[in-house]
Amino acid sequence: MSYANYYSDKTSDIDDRWFFFTQIQFDWILERLKVHYAPDDMFSVMDLGCGTGRLLSLIADAFPNAKLNGVDGTPEMVKTSINRLSNNATITQANLNNYVPDQSYDVVISTTVMHHLDDPHAHLRMVGDMANAHAFISEFAIDTLTLKLANIWWGLTQKSHKQAWPSKSFQIMIRNNGLTISDKTILNPDHFWQLQIYDLTQCNINNICH
Ligand SMILES: C[S@@+](CC[C@H](N)C(=O)[O-])C[C@H]1O[C@@H](n2cnc3c(N)ncnc32)[C@H](O)[C@@H]1O
């Protein structure tokens, strides 16, 4: 699998190399979870493409009773997540391109995974179907000239890079796949990167959100 080839030898130092890039997203998600849940609440979380399990471990620190789950397709990532989270989480190795979830979760998360996937629409629908209350999605925002050029370069040079989206078209894709955006922003971990991140809290027909 091209994504597993790409990530297998990057697993050991990915957390250090990409610390600020990931932390700014994780802080955004944690801030919102803290609005919805008290520290001792019990709720279930699924992190799709959980990587080294760093976000799950931050959720475990903030919400010790949360029931944590993660899926990733790179064996080294899965091993690292299992070591990091010991018995506090269920981590499964699976390819998200054909993953069939067997249950739903209170919170479903997918951070910077979609640019690797064959069918981003199917991924969004799966996130919507799996999430009982809250979902969070992030991706690069191909909104600047430098990121537009970088996106072309990645497409030509990295087999695992399938596509990435300007924020406007990503938002249309989210809505067209039945999800409601309740909060969104563009995060700038540095001068180069722009990350689009969405809180897709589920709202009912009266627009009451959980
Ligand atoms: C950029 S990393 C993001 C990791 C984590 N979500 C984070 O924000 O730190 C992308 C992750 O998605 C996983 N991944 C990519 N394509 C996948 C697929 N088709 N099935 C399962 N995992 C996949 C990779 O193994 C990698 O761990």
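Helices (H or I, at least four residues) and strands (E, at least two) are DSSP runs, numbered from the N terminus. Axes are lines fitted to C-alpha atoms, for helices over the stretch in contact, with angles from 0 to 180 degrees between N-to-C directions.

I note that this is a predicted model, in which local features need pLDDT of at least 70 and side-chain atom pairs count only at pLDDT 80 or more, while totals for chains, interfaces and linings use all residues. Residues are numbered from 1 along each chain as its sequence is written.

Entry 1, the sheet. I found an open sheet of 7 strands in the order β3-β2-β1-β4-β5-β7-β6, with mixed pairing; two strands pair if DSSP finds at least two bridges between them. Its edge strands, β3 (89-93) and β6 (183-187), each pair on one side only. I then looked up β4 (residues 105-111) and β5 (residues 131-140), which pair in the parallel sense over 6 bridges. Ile109 has Phe136 of β5 as its bridge partner.

Entry 2, helices. I saw that α6 (residues 120-130) lies across β1 (44-48), β4 and β5, and runs at about 150° to β5. The axes of α3 (residues 19-36) and α4 (residues 54-62) come within 11 Å and cross at roughly 35°. On the α3 side, the contact includes Phe26 and Leu30; on the α4 side, it includes Leu55 and Leu58.

I counted 18 residues around the ligand, the closest being Gly49, Gly51, Gly73, Thr74 and Thr111; a residue is near if its C-beta atom, placed from the backbone, lies within 6 Å.

Definitions and conventions
Contact = placed C-beta atoms within 7 Å.
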